[in-house]
Amino acid sequence: MAEILDPSNPTPFSPNVLFDDTHCRTVCEQDSGTENSVLQYLQVGLPRGVSPNPVFDPAFYLSRHVHLPQDPVAAIRDCLSQLREGSDLSAVHPFIDEAYLRHQQELSTPNGFYNALFSGAFFVERPHPLVDLGYLGHQLDQRFENYRDAFAAYWKAEEDVSTHVLFDLDFYRAQLGEDHGIKRAVYHYLVFDGAHSPQPLFDPDFYVRDANDRFEITPQRPFEHYITHGQQAGLNPSAFFETEHCRARIGDCDAPLQHFLNGGHSSATGLSLVRFAQSQLHAQASANTGLAMETLLATRPEMVPSQVIPEFDPVYWKNQNKGDLATQEEPAAIRDHYLRHGYPKQRPPNGLINVKYIAEQLAFLGVDDESPVKAYFQRGWHLRRRVMFSLDNLDDTAINRTLSAALRLQLGALDLDVVIVTRAGGALSREFSTCAHIWHLPPKTKKGYEAHLKNNLARLHQALSGNLPEIAFIQTDQDLSLLEVLYDLAGKNVVFSKMWQEPDSDDAAQLLEMHVDHVLTSQAGHDGGPKSLPEGISASSTLGYTTGVLLGARQVQKPPSRAEMRERLGVASDAFVVAGQGPFSLDSGIDFFGVIGAKFRTEWACERDVHFIWVGDGPTYANTPHFYGTYFAELSDQSEVFTTVKDMDLAEVLAASDVFLDTKRGGGDTNLRAYAQNLGLATISISGAGGDILPSGEAAICSPFALPEIAARLKGFADQAENDLAVDQQAFPKIEPVMAFLSELNHCSSSLSLQEPFLKQLLFSPPQRVLVIAGASVAKVLADLDDERKTKRPTGPIRFTRHQLMTSPLSMGAKAALHVDGATEYNVRGLSAGGAVQDIASFDRVLWLLDGVQSELAEIYNFADLTDEILVANADIISEMTALNPRIADRMRFQEGLTSC
């Protein structure tokens, strides 16, 4: 002891494990008259309450051990006593979190850990969720190799410094006010607070509710819990940042909020409601010091223009929350209330968005774990191409019945957003509410109509401003009043009516001339179109109303009967007829259709004639899909089993058929199957395609190329009593030619030079743009699929993305194997290239080629709904996915010859 306390001894032995010689000399040497560090500490440091070790904070220790006498000596003695007894210490320093460290790595026994910690033998750069010494050193332009230097640098810094990229010093101080006089914000938060947020995009109360709702946990230190567990689990830190939405756009990331704040906001939004382009324009045009738009929304909402969230209607939201917002007039404040209280509860931001409609589309996808409003924005559905129908009312009329049926069929067209504007509800209001967004104009009889109309239209403009309809179909059966108030909402206007109303004034004629692009009506003039149309307006006179049914391309007076259609086809009344449809391409499966016909006719012993009739057109020369379909069909003992027709509508052929066989590769067509089932036909589809199975018909779903199973199904249908599957000739249901109606609308949109028909999924045309995403080397995978590497290269435009992994176009062999022949554009990219939802959704057909490795699973879950078909190298992958997610498994197909890398 004498040697330890000898004033002339400059290197005394350390009296205990807590004593750090270098630390004590640093904090006490200038004020002592001795070179002995132990005496320096006893004479100067201890009376001041200075800790003998940089990683032991006596005041912090005493605050967690309130039973001890409140002086530093008591804290030091108790700590040493606990160490001698081998007890488990806790809370020795606010910057050291033993539980966090033990979660990150294996540590020795508590006694061994603290001995190593106090002696300086233990050092990691992140000893606490909020203490990143690498980040601290970067700010101070230093590199730390021990806690003594790091903590000393923190306290010696001239200005306060943050220890974590997410800890915003100014934001934290602003919440507490100047009266607190905080000099070291991180230390204050860890020692005294924990309740206030140190980050603008982190709301402790919101986070705790989210964690409790989703995982039934209540974090005691919410911010630290978010950093260590919450963000990896997909929890949202506040109402202004959606973790999974951000991950889907920037790629899988363990720290999405940190990535977003460190520059990620320049390439993606953190909140699905925020428009990326508008936020970037605002950032370039204003002095927002580089802050993310979501941070401004959380802290300075008055600085954010309404265009950044164009779907939000402050008038609507204030009316919905009059109690909270009765005296609030500022739109930014009302929007802030919605973002904090409305959107987290999945309330729509305006009166146009129809939750029932979105829910129906999610149900169509088989998705039942997403709330409609969240799905609408996170899936980018608010950015889909919009079409608007303006109707006089929603009564039970011919046009309304047909339109509602047509819109029900297009629920599978996920690239389309339908809006209906009407003056009055009616008997079909419920039907329309499940297949479109509905907006009601005020009735003309309402008191103060003009003022109400002006306000109503202003709100409609607000709701549509972020994504105006590409085309509007405006009903003019009564008058031109709908056109007068809605002409400026869409890019193109089509007016339709049963009987054309001649303009009764110069103003009406001018309205038509300036704002109408096409007229659709049943009344024809001498030139085939409506009379007295202003010059420059195209017209169609193919829209007719007959017996309460809206008919399309052909002006028939009654629906086609089974007998009439069989007579036109030259088919006997007792024949067994199977119908198929599509272009003559591999994608549509016409070759497979012929194979099935041959196998069925060969194996089914019956006197009845058998006809497999294909509706479509395309090349018929050698080695085409049509050629092979015909070739295989002719191998049966009845060569006329397989025929094709080009001059009849599908509806007419189905009227003569017993079964609709959907051979389309890659999932089939749900809309067509539903239409056939509505006519009372049995249906068979391949590739595991699902869809609504209606009680009016029978349906089967068969695996791809399962010829025995398909033939057995057909045999079961054919063996039933004659005409049992078909509707009786005398009672054949009236066909509502919804398809013809849709074709006419599509024709209108095509003739107006739009990008493509607005209901492209109902046109049954081959894909124009194809995207292939491969998990392995694209060049190798596609080479594996190509049996004829020297096949002539395809003609036509070929484009590759900037992430291309190939040096040559898709070969004919690869295209045939992938069933994407006939497209006009091919895009190939690797799995690691990523891609935004809007980018992937812009393709007509999306294929994934997978190896089956674990890293692909997250991508599949993020983008499965945008994928038409998933090709796998191992059939076991499909079995595993069936157990995990049957909906995704239905899109998978084992590809012969696709080798794993």
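Predicted model: local features only at pLDDT ≥ 70, side-chain atom pairs only at ≥ 80, totals over all residues.
Helix α11 covers residues 204-215 and helix α12 covers residues 222-233. Their axes come within 11 Å and cross at roughly 45°. An angle under 35 degrees would count as roughly parallel, and one from 65 to 115 as roughly perpendicular; α11 and α12 are therefore oblique to each other.

On the α11 side they are Pro 204, Tyr 207, Val 208, Arg 214 and Phe 215. From α12 come Pro 222, His 225, Tyr 226, Gly 230 and Ala 233. Sorted by class, the contact of α11 with α12 holds 7 nonpolar residues, together with 2 polar and 1 charged.

The protein chain contains 39 helices and 20 strands. Of its 901 residues, 54% are buried.

A disulfide is a covalent bond between the sulfur atoms of two cysteines. With a cut-off of 2.5 Å between cysteine sulfur atoms, the count of disulfides comes to 0. Cys 79 has a relative accessible area of 0% and is therefore buried, since buried means under 20%. Cys 435 also has a relative accessible area of 0%, so Cys 435 is buried.

Definitions and conventions
Residues numbered from 1 in each chain as written. Heavy atoms only, no water. Axes fitted to C-alpha atoms, helices over the stretch in contact; angles between N-to-C directions. Helix = DSSP H or I, 4+ residues; strand = E, 2+ residues; numbered from the N terminus. Parallel < 35°, antiparallel > 145°, perpendicular 65-115°, else oblique. Contact = heavy atoms within 4.5 Å. Nonpolar A, V, L, I, M, F, W, Y, C, P; charged D, E, K, R; others polar. Buried < 20%, exposed > 50% of the residue type's maximum accessible area, 1.4 Å probe, protein only.
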